[in-house]
Amino acid sequence: MSNAPAGDIATQPAAATHSHRFVVMLRRLPWGRIGMPLVLIAMAVFFGTINPNFWSVTNLTNVSRQISVLALISIGQTFAILSAGIDLSVGSLLALVSVACAQGMLEFGLVGGIVVGVLAGCLAGLVNGILIAKARIPAFIATLGMLVAARGLALTLSGGLPIAGLPHEFLFIGAGYLGPFPVPSVIAAVAFVVAYVLLSRTRFGRYVYAMGSNEEAAVLSGINVVKYKIMVYVVSGLFAGIAGVVLTSRVISGQPTLGEVQELYSIAAVVIGGGKITGGVGGIGRTLMGVLVLGMLSNGLNLIQVSSYVQNIVVGAIIIIAVYIDLARERRR
Amino acid sequence: MTATQLQPFLEMRGIVKRFPGVLALNGVDLTVYAGEVHVLLGENGAGKSTLIKILSGVFPPDSGTILFQGRPVTIRNPHDAQLLGVSTIYQELNLVPDMTVAENIFLGREPMLLRRFGLVDHKLLVRQARELLASLNLQIDPQAVVKRLGIAQQQMVEIAKALSLNSRLIVMDEPTAVLTAHEIDQLFSAIAELKQRGVAIVYISHRLDEVKTLGDRATVLRDGTWVDTVRVADTSIDQLIRMMVGRDLMEKFPKIQVALGDEVLRVEQLSRKGVLHDISFHLRRGEILGIAGLVGAGRTEMARAIFGADPFDAGQVLMHGQPVDIKSPAHAIHKGIALVPEDRKRHGILAHLSIKHNITLSALGAFSRGGFINRQQEHTHAQDYAASMRIAAPDIERWVHYLSGGNQQKVVIAKWLSSQADIFLFDEPTRGIDVAAKVEVYQLMNELLKRGSAIIMISSELPEILGMSDRILVMRGGRICGEFLRAEATEENILDRALRGAPDNQSAMETNVTNGDMT
Ligand SMILES: Nc1ncnc2c1ncn2[C@@H]1O[C@H](COP(=O)(O)OP(=O)(O)OP(=O)(O)O)[C@@H](O)[C@H]1O
Ligand SMILES: [Mg+2]
């Protein structure tokens, strides 16, 4: 996006044979920008040809709803990875948020529950941020600890049991529609726009890239790295909070077992889109591509009746191939 | 030498290399004989590093041929180059920061205790490294962790490593950019020794005086094209400059004298245990205070302490007569201080940010409202500074990573010029910058002085210190051991202080430095 490698632009024509010229032209195409959309189109055509249902409005609507939770936590993950960190806790936070949201709702009503849920996510993010930025615990370790602890807290608070009895109106968030669009999809779409603006138009966003590219230089450039790192994890927690509320509404109960391994899928979405795992490179648009690839893949494979066991193999392979292609592109320069 | 003249050791012919949007090399030739020092000259971005990266297998040429002793070869990767006897000291250092000096020197070639079990003979490793360092007269502990060394010492480790490979062609890309006179002498005697053994040297430098002392022949590049190959002895420095730049340079040090204003900065008895001792000086508006000294004299540490990047134990800093307690670089910038750091790769550039975003990073506050960046203003601002620094790039959206070393340095300077500061700490500001661009940097300093700023310039290049400073401090062992006005400073008296310390209490100083305690 704003940080897509510039300079992929084709310039001089090559003086050579036709086929050589064609190869050169191919090489000069801005693959960084059009590669992923092309992969998406190819996948859609492939699945659509085998099973025309893929293209039906019902199915596409479904896909958009199914991916909304992954989309939300991947947005938070994008901030963490861009800043040269990582947030392993987002999966567990879904469970913690769900339990907090449900208990809050039974206590304070509909709105109160939603607020409690989102706040729980932010608070956990704040703890992550302080551990990482102030106590200087590596992000991997700090959020790994949070991954285990948040799950434990969710189980403790709920006694390990689902929390039922939530108000019926709450279903609207997970299952309702705004016009033709499912509410979760609308929430995810808005979140993407907000995150895009944050990353590409604000100082905070610029500093996220700067910290990820070279933290020492960022400090010497006058960036308050402690403050902005904490913000990164609060943002990640915030999006996990929103995702947790959406998920709670979809299952219309507080569930301490939600979200297992979702953190890994969110990391996968970021790197499939072309974000660099070591930070500084990537963007919200790229993450969106990654989320769409993962979502379309699981939906398409379901439609053409590939077993979920085999699906895992495919997804794993895709993650590795995507990163490999990215590395190969970089090496060729 | 005449026998080897007949057949060149290395011939590169018609080398072409294109990067997206840039024709970096356009049919360049380079011929190198055994036992000669062949200098590569050219402005920033002329293609020097690209040419030697092709030679050392970092990337392939788009077209052109490479011959070794008359035999055409394909160099696919750095390993191929090593097999051909080529070793390279790159412009950006390539040591493993968390390993020791000895481990770095013998990386991948460690002496083994039990080869089958992959056990490294650590004692032998250290001993071999110690012998090698001693043969180069280097006082570097082979067991020191590399990241704890200063950049100059790291550079010498790189050189030791290249020498230990028994190479027949050694490429050095700006090896002296980070070294001071003393270490440069060591390097030059090492090079003379290599020449004796018939090793060929390809040498890149922007310091033209050393080109004269060291070089046998020189090849000049301009904008990726070959200009000429000449015998250094028959060519004057001015002629070389004209070939590089395409015009004459009027004045190498365009010093202006500005009426000195109030005192803007005063440092009193600044101390940090084992690093800085009783540093006191003052700085006035319109003044360039040059700081000379050997590497390790504590100059960088002093600048970092003032800038809030490192803490200090005692002493105080006053700005405009008021004591200030600067806790962080952010705070220093807020107070109007800027620091152009010495280590470009580690502290200066943000490689995967665009030129534009690098330039504006410290000044974002000036064109944002409520956290939102005014991108129009930002663009214009960055464009202006990129243009005034003459940064050679197709556009300012390009990653700094893809710029030549000198152009990266210009980006770092542009960042700080644009930060609204009025006290500038320049730590080796013209490192790696070509002759013409140096003059531009000096002119920018002049502009800063005219608008009422004050400048501290740390530099290991004495001509630059002498040419641009109003006043000169000499540092040694973390202390200030000399102060000269512009009129009374000479290379000799500065070097003398830098090497031997202040005249009155020299012996006292010696003991203090060795004990590492403070008075
Ligand atoms: N990996 C790369 N991708 C894109 N462009 C590059 C890359 N490496 C170098 N360039 C461009 O090629 C040109 C030549 O660069 P090179 O590094 O060879 O210059 P140089 O002569 O070594 O300059 P300096 O004296 O500043 O080190 C520059 O315009 C640079 O921006
Ligand atoms: Mg170079």
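Colleague: Which strands does helix α2 of chain B lie across, and at about what angle does this helix run to β9(B)?

Modeller: This is a predicted model, in which local features need pLDDT of at least 70, side-chain atom pairs count only at pLDDT 80 or more, and totals for chains, interfaces and linings use all residues. Residues are numbered from 1 along each chain as its sequence is written, chains are lettered from A and ligands numbered from 1 in the order in which they are written, and side-chain values use heavy atoms, with hydrogens and water left out. Helices (H or I, at least four residues) and strands (E, at least two) are DSSP runs, numbered from the N terminus. Helix α2 (residues 48-55) of chain B lies across β3 (37-41), β6, β9, β10 (200-204) and β11 (217-222) of chain B, at about 150 degrees to β9(B). Axes are lines fitted to C-alpha atoms, for helices over the stretch in contact, with angles from 0 to 180 degrees between N-to-C directions; contact means heavy atoms within 4.5 Å.

Colleague: In what order do the strands of that sheet come?

Modeller: Strands of a sheet pair through backbone hydrogen bonds, either parallel or antiparallel. Here 6 strands of chain B form an open sheet, in the order β6-β9-β10-β3-β11-β12, with mixed pairing. β6 (86-89) and β12 (225-231) of chain B are the edge strands, each pairing on one side only. The twist averages 15 degrees from one strand to the next. Two strands pair if DSSP finds at least two bridges between them; β6(B) and strand β9 (residues 169-173) of chain B run parallel and are joined by 4 bridges. Thr88(B) stands opposite Val171(B) in β9(B). Helix α7 (residues 181-196) of chain B lies across β3, β9 and β10 of chain B, at about 145 degrees to β10(B).

Colleague: Which strands form the open sheet that includes β15 of chain B?

Modeller: That sheet has 6 strands in the order β18-β21-β22-β15-β23-β24 (chain B), and its pairing is mixed. Its edge strands are β18 (337-340) and β24 (479-485) of chain B. Neighbouring strands are turned by 20 degrees against each other on average, direction ignored. Strand β15 (residues 288-293) of chain B runs parallel to strand β22 (residues 454-458) of chain B, with 4 bridges between them; Ile291(B) has Ile458(B) as its bridge partner in β22(B). Helix α18 (residues 491-500) of chain B packs on the sheet and touches β15, β23 and β24 of chain B.

Colleague: Which residues of α5(B) are buried?

Modeller: An α-helix has 3.6 residues a turn, so residues three or four places apart point the same way. Buried means under 20% relative accessible area, exposed over 50%, and partly exposed in between (1.4 Å probe, protein chains only). In α5(B), Leu125(B), Val126(B), Ala129(B), Leu132(B) and Leu133(B) are buried. These buried residues fall within an arc of 130 degrees seen down the axis of α5(B), so they line one face of the helix; the arc is that of the directions from the helix axis to the C-beta atoms. The face turned away from the buried side carries the exposed residues Lys123(B), Glu131(B) and Ser135(B). Cover for the buried residues includes α4 (101-105), β8 (119-120) and α6 (151-164) of chain B.

Colleague: Is Val441(B) buried or exposed?

Modeller: Val441(B), in helix α16 (residues 435-450) of chain B, counts as buried because its relative accessibility is 2%. Leaving aside neighbours within four places in sequence, Val441(B) is in contact with Met389(B), Ile413(B), Thr430(B) and Ile433(B).
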